[in-house]
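Let's take a friendly walk through a protein chain. Have a look at the model first, and then we will go from the overall picture to two single residues.

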Amino acid sequence: MKNLLLLVLPFVLFSCKSGVEAHKAAIEELGTNWDAATTAVTGFAEALTAEVNSFNAVKEATMLTEDAQKMLKGDAAAKYTEAVNAFNTATAGYGAIQTELNDFVTMWTEKAAAVTALKDGLAAGKIEGDVNAQITELSGLVTKANESLAAWQAKQAEVKAASEAAAETLKAAYEMVKPKK
């Protein structure tokens, strides 16, 4: 019996994975998914900023000085004011997207430390806390990031279309009323 126990004991010990090894695949998958979501959200944020900057440039190029606006009369004044208001309303939609995105990025950045801790723990062979709960929570955030990104992209497409139309109207109104050089 003693010999049997000595023979079976090594198999039992080698067949049991350490706590870290048991979570290796899940942590690696989480790390890959987290990095992909980070790249996607960052890319969207950069593209959104560039888009907002391009509309700000349109606004700067088509804004009359206060004195020039006061000199406008009748239909020209009404069309220009209406075009400016429509442009401001259309581009204001970017503010809501940027606010949501900024709030999400703040939370995401804070949670990135937990992902790093899991990856570092995996590399070191020791992980603290309830690993399953951490992986579940962080994987849920990856899902939320992807869902939020899809929603932001849909909103951005709507705001962009409205802003482009309003920008064209503003440019046309500006051309009618701009000071002659």
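This is a predicted model: local features need pLDDT of at least 70, side-chain atom pairs count only at pLDDT 80 or more; totals for chains, interfaces and linings use all residues.

Residues are numbered from 1 along each chain as its sequence is written, and side-chain values use heavy atoms, leaving out hydrogens and water.

The chain has six helices and zero strands; helices (H or I, at least four residues) and strands (E, at least two) are DSSP runs, numbered from the N terminus. Of the 181 residues, 29% are buried, where buried means under 20% relative accessible area, exposed over 50%, and partly exposed in between, with a 1.4 Å probe and protein chains only. Among contacts (heavy atoms within 4.5 Å) between residues at least 6 apart in sequence, 90% join residues at least 24 apart.

Now to the first residue. Lys 126 sits in the loop between α5 (74-124) and α6 (131-177), and this residue is exposed, with a relative accessible area of 59%. Apart from neighbours within four places in sequence, Lys 126 contacts Val 20 and Gly 121. Val 20 is 106 residues away from Lys 126 along the chain, yet their C-alpha atoms are separated by 6.3 Å.

Next comes Ser 163, which belongs to helix α6. Ser 163 is buried, its relative accessible area being 0%. Not counting residues up to four places away in sequence, Ser 163 touches Phe 55, Phe 87, Ala 90, Thr 91 and Tyr 94.
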